[in-house]
Amino acid sequence: MSSSPAASEVSPIADAAPLSLCARSPHVPADRLVAEMVPPPRFDSVRFATYIPDPNQPSQTEAVRVLEGFAGGLGGAHAVAGGKRGFLGFGRARAPKAPAGPRGVYLDGGYGVGKTHLLASLWHATPAEPALKAFGTFVELTNLVGALGFQQTVQTLSGHRLLCIDEFELDDPGDTVLVSTLLGRLVNAGVALAATSNTLPGKLGEGRFAAADFLREIQGLSAHFRTQRIDGEDYRHRGLPEAPAPYSEEQVTKAAYATPGASLDTFPQLLDHLAKVHPSRYGALTDGLSAVCLTDVQPVPDQSTALRLVVLADRLYDREVPVLASGLPFDKLFSEEMLNGGYRKKYFRAISRLTALARDAKGLVDAG
């Protein structure tokens, strides 16, 4: 890997120059996209027993009870007994009988109340081989459809016992139709569903887009889920200090050189590079990184760039990669117009997650 532009004029203070995200253009085969549909490393060890409900929020305790019961109900044979395909899985499946009642649970709540912890705990608790369970974000699911095609995605996921979808945010009518249709097909194939979101299914899209068409799709989707509300305060803000102020460019560069496996890039050049890499590859973009160091953080210039940054923030948070930065603080990344618009939930999530990763990066400067 080449050194980053931010480091090009800095005298080396370590044996090797930092890595550069801008020098990476990973290729991710479609089969890797499927194989990696498991809880992210941050949630490898979470279980229902490690979720600590807030005693002031009874809905959190109730959510654990509901999900434990849901997992226990998935221990039998696949719901579609007659849905086997021919040799090597090809050929027409026998027509399954759609299961009665909701085939999913929908966790609704604000940021940082532990929804992903609970969703990953459900995945771990479901008594099925990992190959029969899938876990991914809404964006990763749409990316999978883009990589495999709709029919192949249906065939690939139809044999699963459980599909968990994190951050189920329908910000685009096209995605609404796509995912609603996909989930309908999977429910008919006997796949159980679980999802998290910050908005109730019946309220998604309110005040946005073409209301009649949008709400008609949402109503059909809502019928697949039992909704479980989870109230509470963002745990990332409970008793934690304020987000650290940005460091100087010299501090960030010095830390990048002193940290094996760290990357160093200027923020504007990174944003330009993200436009050249498909979001489904952002996880691979961060493979092997111990830290991400960014200089000259500036406001994000437009919504397309902002949404790409949201996906990168999610992948870094999933992998617990600390982010050290100079320039503006992360709560100044998005304009007031963006924070008041239709994608505001994504932007607030990105701010929350990048702030948490910035706290994690403090030790890099202290060590340097």
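Helix 2 passes helix 3 in a right-handed crossing. In this predicted model, the axes of helix 2 (residues 58-72) and helix 3 (residues 115-125) come within 9 Å of each other and cross at roughly 25°. Angles under 35 degrees count as roughly parallel, and the two helices are therefore roughly parallel to each other. On the side of helix 2, the contact is made by A63, V64, L67, F70 and A71. On the side of helix 3, L118, L122 and A125 take part.

An α-helix has 3.6 residues a turn, so residues three or four places apart point the same way.

Helix 3 can also be described by how far its residues are covered. Nine of its eleven residues are buried, so helix 3 is largely enclosed by the rest of the structure. The buried residues are K115, T116, H117, L118, L119, A120, S121, L122 and W123.

A second pair of helices is arranged in another way. Helix 9 (residues 267-274) and helix 11 pack at an angle of about 95°, with their axes 10 Å apart. Angles of 65 to 115 degrees count as roughly perpendicular, and helix 9 and helix 11 are therefore roughly perpendicular to each other. Helix 9 brings F267, L270, L271 and L274 to this contact. These residues meet T305, R308, L309 and L312 in helix 11.

Helix 11, which spans residues 303-318, also holds R315. Is R315 buried or exposed? R315 has a relative accessible area of 4%, and buried means under 20%, so R315 is buried. The side chain of R315 makes a polar contact with the side chain of D318, at 3.2 Å. Leaving out residues up to four places away in sequence, R315 touches T137, E140, Y282 and G283.

Helix 4 covers residues 138-148, and its buried residues are F138, L141, T142, N143, L144 and V145. Just after helix 4 comes G149, which takes a positive phi of about 90°.

Two of the buried residues of helix 4, F138 and T142, are touched by D175 when residues up to four places away in sequence are not counted. D175 lies in helix 6 (residues 173-188). With 27% relative accessibility, D175 counts as partly exposed.

L19 lies in the segment before helix 1 (30-35). Its relative accessible area is 22%, and L19 is partly exposed.

| Residue pair | Separation along the chain | C-alpha distance |
|---|---|---|
| L19 and L264 | 245 residues | 6.2 Å |
| D175 and T142 | 33 residues | 7.5 Å |

The chain as a whole can be described with a few totals. Its secondary structure comes to 14 helices and eight strands. The chain has 368 residues, and 49% of them count as buried. Among contacts between residues at least 6 apart in sequence, 85% join residues at least 24 apart. The chain exposes about 16500 Å², and carbon and sulfur atoms supply 53% of this area.

Conventions. Residues numbered from 1 in each chain as written. Predicted model: local features only at pLDDT ≥ 70, side-chain atom pairs only at ≥ 80, totals over all residues. Heavy atoms only, no water. Helix = DSSP H or I, 4+ residues; strand = E, 2+ residues; numbered from the N terminus. Buried < 20%, exposed > 50% of the residue type's maximum accessible area, 1.4 Å probe, protein only. Contact = heavy atoms within 4.5 Å. Areas by Shrake-Rupley, 256 points an atom, 1.4 Å probe, with all protein chains shown as cover. Polar contact = N/O pair within 3.5 Å; in protein donor to acceptor, adjacent residues only side chain to side chain. Axes fitted to C-alpha atoms, helices over the stretch in contact; angles between N-to-C directions. Parallel < 35°, antiparallel > 145°, perpendicular 65-115°, else oblique. Left-handed = near helix turned anticlockwise from the far one by under 90°.
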